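Me: I have just opened a structure that is new to me. Could you walk me through it, one question at a time?

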Amino acid sequence: MQTCDVVIVGAGAAGLFCAGVAGQLGLSVLLIDHSQKVAEKIRISGGGRSNFTNRLIDASAPHKHFLSENPHFCRSALSRYTAQDFIELMKSYDIPFHEKHKGQLFCDRSSEDLIQMLLKECDKGGVMRWQGCGVKAIASEDAGYNLQTDQGEVHAGAVVIATGGLSIPQIGATDFGYRIASQYGLRLVSRRAGLVPLTFDGAEWAPYASLAGLSLPVSIETGAKKTLMRFDEDLLFTHRGLSGPAVLQISSYWQEGQPLHLNLAPQEDIEGSLMQAKVRSKKLIANELGAWVPHRLADAWVAQDPQWQRPVAEASDKALLQLAQKLSRWPLTPNGSEGYKKAEVTLGGVDTRDLSSQTMESKQPGLYFIGEVVDVTGWLGGYNFQWAWSSAFACAQALKQKQALAQ
Ligand code: FDA
């Protein structure tokens, strides 16, 4: 039987980082993953370049960029291991990176640089890795846990669950973490796909389906008053609905049955411009619109109403006003999302009421949860990886302290 101080299940972002830090603190660590390859999500993230953190994370106000039943839960971990700390680690490995926009940091070359760094950190800590190894059962026993795995029995003083969320099952996502939480009576916040493209009823979407591939900057919002959320980002039309950063961001806040409102020309005063055009222009409305939104969108838009298919000078004020209002506040109610197959993250997860925000240890002594399996979900833009690094670091420190106290 293999024995060690800690077994970490899941060699993704959080598991790899936790293993490296804990190993370097002197703990004997076994890292187990059922996939043959480590960190498949890091590999595909950020279009293959990993948006590995965000320079603008405000650890003192995590509710600005993180969703959770308790958005303040992540404050402690985020302030003890910051974006700057991770940036320093990347620099110490001479990994080139750049900022795209809104504080988002990406690898210059490829995500592989980041994965290799995490593996080297594990090597420095003498971490044992079992890849392609499933965990069949976990049972608590005197002074720790017994794990039945595909490579035999393991005894460990502590177990860290870092198995992530449900998104992209085709590269290894499972509900393992949630099942282990339930096995030990920990509460779960219901799960749903986040940072995900939204879909619309086929008939409703038919006029826009031909716009698939078109991208433009928009303003998008959902909710009202206290729940109002707005993002100014790029929108992408797809065959079945909408995607792009604007929609991925809003999808985490959108509730089923609620409408979204889009402003397709947020920088323009469409109403004023159309009224001015009416007195000076001989152009068709679609051609006027083409100055403010892509021509394909302008054509699809005016096709919806015969009153809009004429020269702007001949249109009634009412028709122009309706056109401007619909363009600047287009109400749309999605019929759903593309689901976990296309989602970047899973909202919900292990209820933070049953975890320590200082250590990530659960109410079940010696059982820890880190990363996306926890009910903490960040915005698009590097926030989710930073949560993985920060929660992993807090956990590794706590494991070391607990061991020191026990000696
Ligand atoms: P992660 O999913 O990374 O790792 C979980 C590990 O557990 C996997 O290796 C899996 O094989 C393993 N596992 C699962 N079940 C198991 C079982 N039963 N037994 C053993 N092992 C098991 N975030 C960000 O900040 N910037 C970005 O650029 C992107 N981009 C992005 C693109 C795409 C396409 C996706 C799907 C996601 C992103 N994300 C992102 C989100 C980010 O990838 C995600 O939040 C982190 O990887 C979560 O890290 P974890 O370590 O918690 O889970």
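What follows is a set of questions and answers about this predicted model.

Me: Let's start with the overall picture. How many helices and strands does the chain have?
Reply: Happy to begin there. The C-alpha atoms fill a box of roughly 85 × 40 × 35 Å along the principal axes. Within the chain, the count comes to 13 helices and 21 strands.

Me: What percentage of the residues count as buried?
Reply: A residue counts as buried when its relative accessible area is under 20%. The chain has 407 residues. Of these, the buried share is 56%.

Me: What part of the contacts with a separation of 6 or more comes from residues 24 or more positions apart?
Reply: Here we look at contacts in the chain between residues with a separation of 6 or more.

Me: Which residue with a positive phi follows α4?
Reply: Most residues other than glycine have a negative phi. After α4, though, comes a residue whose phi is positive, near 55°. That residue is D94.

Me: Let's move to the strands. Which residue in β9 stands opposite S140?
Reply: Strand β8 (residues 135-141) and β9 run antiparallel and are joined by six bridges. They form a hairpin with two residues between them, and A143 in the turn has a positive phi of about 55°. In β9, the residue opposite S140 is Y145.

Me: Which residue in β10 stands opposite L147?
Reply: β9 continues into β10 through a hairpin of two residues. The two strands run antiparallel, joined by five bridges. Q148 stands opposite E153 in β10. For L147, the residue opposite is V154.

Me: Why can β9 and β10 be called largely enclosed by the rest of the structure?
Reply: The reasoning rests on burial. In β9 (residues 144-149), five of the six residues are buried, so this strand is largely enclosed. For β10, the number of its 10 residues that are buried, which makes it largely enclosed too, is seven.

Me: In which sense does β10 pair with β1 and with β20?
Reply: β1 (residues 2-9) and β10 pair over seven bridges, with A156 as the bridge partner of C4. Three bridges join β10 to β20 (residues 367-369), and V160 stands opposite Y368 there. The sense of the pairing with β1 is parallel, and β10 and β20 likewise run parallel.

Me: Which strands stand at the edges of the open sheet of seven strands?
Reply: The order in this sheet is β17-β16-β13-β14-β15-β12-β18, with antiparallel pairing. β16 (residues 260-263) pairs with β17 over three bridges, and L262 stands opposite W330 in β17. Each edge strand has a single partner, so one side of each is left without a neighbour in the sheet; the edges are β17 (330-332) and β18 (336-337).

Me: One last pair of residues. Are A39 and M360 buried or exposed?
Reply: Both have a positive phi, near 50° for A39 and near 70° for M360. A39 lies in the loop between β2 (29-33) and α2 (40-44), while M360 lies in the loop between β19 (345-350) and β20. The relative accessible area of A39 is 5%, and the relative accessibility of M360 is 0%. With the cut-off for burial at under 20%, A39 is buried and M360 also counts as buried.

Terms used: Residues numbered from 1 in each chain as written. Predicted model: local features only at pLDDT ≥ 70, side-chain atom pairs only at ≥ 80, totals over all residues. Heavy atoms only, no water. Helix = DSSP H or I, 4+ residues; strand = E, 2+ residues; numbered from the N terminus. Buried < 20%, exposed > 50% of the residue type's maximum accessible area, 1.4 Å probe, protein only. Contact = heavy atoms within 4.5 Å. Pairing = 2+ DSSP bridges.
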